Amino acid sequence: MAKNLSSITFTVLILVLLMASTEILKIEAMNIKARCLPQGCKNATFSEECGPEPFTGSNNDCCHCCVAKYGRKAVCKGVIEGPDKHCHCYKERV
């Protein structure tokens with residue numbers, strides 16, 4: 001019984017180490033991103049562009065790009081617009 005328990009413990013330990021080393025346990029490995037700035041804008045005005053042209057991600061990716069580059073307080077939304085698919089960052093009009 002003790003030998004079987006020891007074998008099972010060793011096997012579980014190896015599996016956990018394998019999962020940790022391949023980053024299976026990390027949320028980033030599942031490619032999950034929270035929705036960016038769910039409040040949006042009440043009175044938006046164009047601020048800046050962000051990322052490569054054309055922007056190949058989603059509107060949510062664009063928003064995350066804007067927040068990373070300009071800060072959460074300077075951005076109220078980020079959307080992909082135009083035929084060239086640019087990521088446009090918007091701020092609240094004052």
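The link of C66 and C89 is left-handed, with -85 degrees about the S-S bond.

The model is predicted: local features need pLDDT of at least 70 and side-chain atom pairs count only at pLDDT 80 or more, while totals for chains, interfaces and linings use all residues. Residues are numbered from 1 along each chain as its sequence is written, and side-chain values use heavy atoms, with hydrogens and water left out.

Five disulfides are present in the structure, a disulfide being a pair of cysteine sulfur atoms within 2.5 Å. With the bonded cysteines of the chain numbered in sequence order, the pairing reads 1-5, 2-8, 3-6, 4-9, 7-10.

| Disulfide | S to S | Torsion about S-S |
|---|---|---|
| C41 to C76 | 1.8 Å | about 95 degrees |
| C62 to C87 | 1.9 Å | about 90 degrees |
| C66 to C89 | 1.9 Å | -85 degrees |

The torsion of about 95 degrees makes the disulfide of C41 and C76 right-handed. Because C41 sits in the loop between helix 1 (2-21) and strand 1, and C76 in the loop between helix 2 and strand 2, this pair ties together parts that are 35 residues apart in sequence. C41 is partly exposed at a relative accessible area of 23%, whereas C76 is buried at 7%.

The disulfide of C62 and C87 is likewise right-handed, at about 90 degrees. C62 belongs to helix 2 and C87 to strand 3, so the pair ties together parts 25 residues apart in sequence. C62 is buried, with a relative accessible area of 0%, and C87 counts as buried at 1%.

Helices (H or I, at least four residues) and strands (E, at least two) are DSSP runs, numbered from the N terminus. Helix 2 covers residues 59-70; at 1.5 Å a residue its 12 residues should span 16 Å, and its end C-alpha atoms are 16 Å apart, which agrees. The expected span is 1.5 Å times one less than the number of residues.

The buried residues of helix 2 are C62, C63, C65, C66 and V67. They pack against strand 1 (44-50), strand 2 (77-81) and strand 3 (86-92), contact meaning heavy atoms within 4.5 Å. Just after helix 2, G71 has a positive phi of about 100 degrees.

Technical notes: Buried means under 20% relative accessible area, exposed over 50%, partly exposed in between (1.4 Å probe, protein chains only).
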